[in-house]
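Please look over the sequence and the structure shown here before reading the notes on a few of their helices.

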Amino acid sequence: MPKLWNDTIASHREAVQEAVLDAAAAVVAERGLTGVTMAEVAQRAGVGRATLYKYFPDVESILTAWHERQVGDHLRQLTEIWTDTGRLEAVLEAYAFICHEHPPSAGPAASLHRSEHVARGREQLVDFLAGLMTDVRDDVPAKELAAYCVHALGAAGAVPSKAAVRRLVGVVLSGLRGEAGR
């Protein structure tokens, strides 16, 4: 096949997948994870159900792909913050607020957070943060510091307010610096 034809098919497939994931996101926002149906996603995406089934065999695969896209978006957001500010504190605070706004709760959402793509995303996040922490301390490897931050700031999903998130970030930053508690 000519290259132009292949490019056209690939861009069409990508557009359909993005429309499906956008539709799924809209349904999740309105009805929660358990309210997503293949019929509703197909209708909102503007594709037939048969077409939808060519791309995704079931609701779970749609939700996994949608969540994987969200995880990737969060990693890009953190990278942009680092690029714009060059401040580790800004990156850690942004991550804490992501955790606060999207807590890995019990029930249906918990299964998405145990998925392989989340583990890959977490590993990418740890590697990214470790690259930012090479000069933070010389007594602890940067990757261990990064893992500490990811796990500690994950608790932001359980705190009640933005002020509490900021306090948690302060505690984590003090721990990074090896500062004693007051």
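This is a predicted model: local features need pLDDT of at least 70, side-chain atom pairs count only at pLDDT 80 or more; totals for chains, interfaces and linings use all residues.

**Helix α7**
- The residues of α7 that are buried are H117, V118, G121, L125, V126, L129, A130 and L132.
- An α-helix has 3.6 residues a turn, so residues three or four places apart point the same way.

**Packing of α7 with α8**
- Helix α8 is formed by residues 142-153, and its axis lies 8 Å from that of α7, with an angle of about 125° between the two.
- Angles from 65 to 115 degrees would count as roughly perpendicular and those over 145 as roughly antiparallel, and α7 and α8 are therefore oblique to each other.
- The crossing of α7 past α8 is right-handed.
- On the α7 side the contact is made by R122, E123, L125, V126, D127, L129 and A130, while α8 contributes A142, K143, A146, A147, V150 and H151.
- By type, the residues in this contact of α7 with α8 comprise 8 nonpolar, 1 polar and 4 charged.

**Residue D22**
- D22 sits in helix α1, which runs over residues 3-31.
- Because its relative accessibility is 42%, D22 counts as partly exposed.
- Although 44 residues separate D22 from W66 in sequence, their C-alpha atoms are 7.9 Å apart in space.

Definitions and conventions: Residues are numbered from 1 along each chain as its sequence is written. Side-chain values use heavy atoms; hydrogens and water are left out. Buried means under 20% relative accessible area, exposed over 50%, partly exposed in between (1.4 Å probe, protein chains only). Helices (H or I, at least four residues) and strands (E, at least two) are DSSP runs, numbered from the N terminus. Axes are lines fitted to C-alpha atoms, for helices over the stretch in contact, and angles run from 0 to 180 degrees between N-to-C directions. Angles under 35 degrees count as roughly parallel, over 145 as roughly antiparallel, 65 to 115 as roughly perpendicular and the rest as oblique. A crossing is left-handed if the near helix is turned anticlockwise from the far one by less than a right angle, and right-handed if clockwise. Contact means heavy atoms within 4.5 Å. Ala, Val, Leu, Ile, Met, Phe, Trp, Tyr, Cys and Pro count as nonpolar, Asp, Glu, Lys and Arg as charged, and the others, Gly among them, as polar.
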